[in-house]
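Colleague: Could you walk me through this model? I'd like to take it a question at a time.

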Amino acid sequence: LQKEPDTKERSVFDIPIFTEEFLNHSKAREAELRQLRKSNMEFEERNAALQKHVESMRTAVEKLEVDVIHERGRNTVLQQHLETLRQALASSFAGVPLPGSGEIPTLDTIDSYMNRLHNLILANPQENETLIATVREVVNHLER
């Protein structure tokens with residue numbers, strides 16, 4: 001004796017049309033399709049939102065890249081200005097040796113020279129009045 005195959009194991013093509021079994025199977029497939037369509041719509045909505053987000057991120061990145069280019073140009077100009085200022089200070093203060101050490105500035109030492117000069121003046125302004133007057137005179141010539 002052969003057993004009748006279980007309904008779940010039967011192929012869709014083995015179900016007679018318009019029977020209760022066929023209608024239940026059809027309803028189940030339609031419910032599954034509705035759920036898949038709903039899921040598909042949700043994924044499409046998420047995808048659209050992500051696409052908008054990606055596009056706004058691209059726009060932000062492009063804006064930042066333009067800003068970086070402008071800042072690099074600005075930094076280059078500022079660096080050139082700093083070098084010009086260092087050269088002017090080194091040549092203008094070449095005749096002003098630091099009290100105590102006698103150090104005079106060079107292009108390589110101008111930053112440390114200016115720092116030491118500033119510290120000397122702040123430490124004893126009364127004792128360095130002539131140095132302060134000399135510094136003022138040199139700076140006034142720089143501004144012209």
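Modeller: Happy to! Let's start with Asn-47, which is found in helix α1. Bear in mind that this is a predicted model.

Colleague: Is Asn-47 buried, partly exposed or exposed?

Modeller: Buried would need under 20% relative accessible area, and exposed over 50%. Asn-47 has 42% relative accessibility, so the class is partly exposed.

Colleague: How far apart in space are Asn-47 and Phe-22, C-alpha to C-alpha?

Modeller: In sequence, Asn-47 and Phe-22 are 25 residues apart. In space, their C-alpha atoms are separated by 37 Å.

Colleague: How are α1 and α2 oriented to each other?

Modeller: The axes of α1 (residues 20–92) and α2 (residues 110–123) come within 10 Å and cross at roughly 60 degrees. Roughly perpendicular would take 65 to 115 degrees, and roughly parallel an angle under 35. The two helices are therefore oblique.

Colleague: Which hand does the crossing of α1 and α2 have, left or right?

Modeller: The crossing of α1 and α2 is left-handed. Arg-86, Leu-89 and Ala-90 of α1 make the contact with Ile-110, Asp-111 and Met-114 of α2. By class, that contact has four nonpolar, no polar and two charged residues. To come back to the hand you asked about: left-handed.

Conventions: Residues are numbered from 1 along each chain as its sequence is written. This is a predicted model: local features need pLDDT of at least 70, side-chain atom pairs count only at pLDDT 80 or more; totals for chains, interfaces and linings use all residues. Side-chain values use heavy atoms; hydrogens and water are left out. Axes are lines fitted to C-alpha atoms, for helices over the stretch in contact, and angles run from 0 to 180 degrees between N-to-C directions. Helices (H or I, at least four residues) and strands (E, at least two) are DSSP runs, numbered from the N terminus. Angles under 35 degrees count as roughly parallel, over 145 as roughly antiparallel, 65 to 115 as roughly perpendicular and the rest as oblique. A crossing is left-handed if the near helix is turned anticlockwise from the far one by less than a right angle, and right-handed if clockwise. Contact means heavy atoms within 4.5 Å. Ala, Val, Leu, Ile, Met, Phe, Trp, Tyr, Cys and Pro count as nonpolar, Asp, Glu, Lys and Arg as charged, and the others, Gly among them, as polar. Buried means under 20% relative accessible area, exposed over 50%, partly exposed in between (1.4 Å probe, protein chains only).
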